[in-house]
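Please keep the sequence and the model in view while reading.

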Amino acid sequence: MITYNETSSNFLNHVYENKIGYVLKKNILTKMNKVISGSELKSWENSLPQMAKVIRDADIKEDTHVLLEYKLPSSEKRIDFLVAGQDE
């Protein structure tokens, strides 16, 4: 299950507007019926702006997608941050 799947430009906007924690919290509640802890929220709010700098500095296409908290099928493991796109 993918908790967050947005274009890189939407991801950057969510971070710059300080909404990324709220969006992730809402998505996890909606998609997984799970309430996250304050420490997990704080972790996202501290780390994702750093990842936004990497995305911004990489100058990737706007339609590239950022996926967050991707839960692996048949497992409790998750991938924290994934970038997906297509080149020529």
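Rings of Phe, Tyr and Trp (its six-membered ring) pair if their centres lie within 6.5 Å; planes under 30 degrees apart count as stacked, over 60 as edge-to-face and the rest as tilted. The model is predicted, so local features need pLDDT of at least 70 and side-chain atom pairs count only at pLDDT 80 or more, whereas totals for chains, interfaces and linings use all residues. Residues are numbered from 1 along each chain as its sequence is written, and side-chain values use heavy atoms, with hydrogens and water left out.

Tyr4 is buried (under 20% relative accessible area; exposed is over 50%, partly exposed in between, with a 1.4 Å probe and protein chains only), its relative accessibility being 0%. Phe11 is likewise buried, at 0%. Phe11 also pairs edge-to-face with Phe81, at 5.7 Å centre to centre and 70° between the planes. Because Phe11 lies in helix H1 and Phe81 in strand S3 (residues 78–84), this pair ties together parts that are 70 residues apart in sequence. Helices (H or I, at least four residues) and strands (E, at least two) are DSSP runs, numbered from the N terminus.

Asn13 and Ala52 are separated by 39 residues in sequence and by 9.3 Å in space, C-alpha to C-alpha.

The charged pairs come next. A salt bridge is a side-chain nitrogen of Lys or Arg within 4 Å of a carboxyl oxygen of Asp or Glu, and the count by this rule is four. One of them joins Glu17 and Lys19, with the closest N and O atoms 3.4 Å apart. Glu17 is partly exposed at 45%, and Lys19 is partly exposed at 40%.

Which residue forms a salt bridge with Glu40? The partner is Arg78, with the closest N and O atoms 3.1 Å apart. This pair links distant parts of the chain, as Arg78 lies in strand S3 and Glu40 in helix H3 (residues 38–58), 38 residues apart. Arg78 is partly exposed at 33%, whereas Glu40 is buried at 18%. Arg78 also forms a salt bridge with Glu69, the closest N and O atoms being 3.1 Å apart; Glu69 is buried at 5%. Through shared partners, salt bridges join Glu40, Glu69 and Arg78 into one network.
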